[in-house]
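User: I have a model open and would like to know how its structural labels were reached. Could you take me through them?

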Amino acid sequence: MEEKLLSLIIPVYFEQEVLEESFLRMDEAMKKTGHPYEIIYVNDGSRDDTMKILRKIAKEHKQVRVRSFSRNFGHQLAVTCGMDAARGDALIIIDVDLQDPPELIPKMVEQWKNGADIVYGKRVKREGETLFKKFTAACYYRLLSSMSAYPIPLDTGDFRLLDRKVADCFLKMREHARFLRGMSAWMGFEAEPIEYVRHERAAGKTKYTLKKMLKLAMDGITGFSSKPLTLSGKLGIGLCLLSGLGLVALIVLACTCGVAPWLWAVDGLVLLQGLTLCFMGIQGMYLGRIYDEVKGRPLYIVAEEINME
C-alpha cells in the first residue's frame, strides 16, 4: 500500500485570493500521507488571475497538473474532468476555498488503507454561513434523503476519497446533469464518514449562487428519485376526495347562507389548473434531462493543459 499513488482533485473558479494559501495547505496534507501524489487543478473558466497563478504553481511543483476549460462548465463537470485525468489508486475531491480542512486527508487515507472504498466528510457544524443557507441546506438534504431510492448521507458534500475501482465505475457514467454525491451513493460501495466542522472561506466569496444551488438541488432530486412523477397520481386521488367533500359543503352552504356556488367552482378550477401546470413543469424537467443526454455532446472542453503528459 505504501507505493500507491494518490490523486487530489481541486476544481477552481475565480479563486485568485485563496489559491496560493490553499496550495500550501493541500500540498502539506498530501505529504503527511506518506504516499506519492499528484494534485490536479481544473480551472472552470475563470477570467481573473486564477490561471496565471496555476501556471506559476505548476512550473515550480511538478506534482501539480492543470486542466483549464474553454468556458465555465460547472463544478460537477470540473470534478469529473479531474477524475478523467487522475492516475491515482485513490482519488480525493476537495474544494479550494479551505472550508473543508485539508488536514483531514491523511485520516481519509488511513480509513481507505483499512478497507473503506469511499471515505466522505460529514459536516457537524457550518461556520461563516447565514441562517438562511444553513436552514435551506438542512431542509434540502433531508428532502433528498426522503425522496431518493438510494441512501444519500445527510449533511455531506463532495469532499471525499474514492478508491480506484469506485472511480472507474464512476467514470463509466457520462450523464451531463451530474450529482456526484448521489452517484457515489448509487454505486453502493463500502463508505465510511469522517465528521468535521466546516470552516468559513479563507478568502473570496462563494461562487455557488442561489441559482446554481437550486439547479444542483433539482439535479439531485430528478437524477435519483422518480417520486415527483408519481406525486400527480397521489394528489389526483386527494383532489377527488376533496372535491367530494367540497360538493357536500356547497350543498350545505347553498341551503343555509346562500353562498354563490360558482365562486367555489372558479376557485376550484384555478387550483386544478395551477396543479396541472406544476406537474407539467416537473415532467418538463425530466424531458429536459433526456434532451441533454440525447444530444451526445462532450461533458466539457479543455482549452489548456499543464504537466499532463
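User: What makes the crossing of α3 and α6 left-handed or right-handed?

Analyst: The crossing of α3 and α6 is left-handed. That label is given if the near helix is turned anticlockwise from the far one by less than a right angle, and right-handed is used if clockwise. Please keep in mind that this is a predicted model, where local features need pLDDT of at least 70, side-chain atom pairs count only at pLDDT 80 or more, and totals for chains, interfaces and linings use all residues. Residues are numbered from 1 along each chain as its sequence is written, and side-chain values use heavy atoms, with hydrogens and water left out.

User: Why are α3 and α6 called oblique to each other?

Analyst: Helix α3 (residues 75-85) and helix α6 (residues 164-172) pack at an angle of about 120 degrees. Angles under 35 degrees count as roughly parallel, over 145 as roughly antiparallel, 65 to 115 as roughly perpendicular and the rest as oblique, and therefore α3 and α6 are oblique.

User: Which residues of α3 and α6 meet?

Analyst: T80, M83 and D84 of α3 meet R164, A167, F170 and L171 of α6, where contact means heavy atoms within 4.5 Å.

User: What makes R25 and E103 a salt bridge?

Analyst: Their side chains come to 2.9 Å, N to O. A salt bridge needs a side-chain nitrogen of Lys or Arg within 4 Å of a carboxyl oxygen of Asp or Glu, so the pair qualifies. R25 sits in helix α1 and E103 in the loop between β4 (90-93) and α4 (105-113), 78 residues apart. The structure holds 13 salt bridges.

How values were computed:
Axes fitted to C-alpha atoms, helices over the stretch in contact; angles between N-to-C directions. Helix = DSSP H or I, 4+ residues; strand = E, 2+ residues; numbered from the N terminus.
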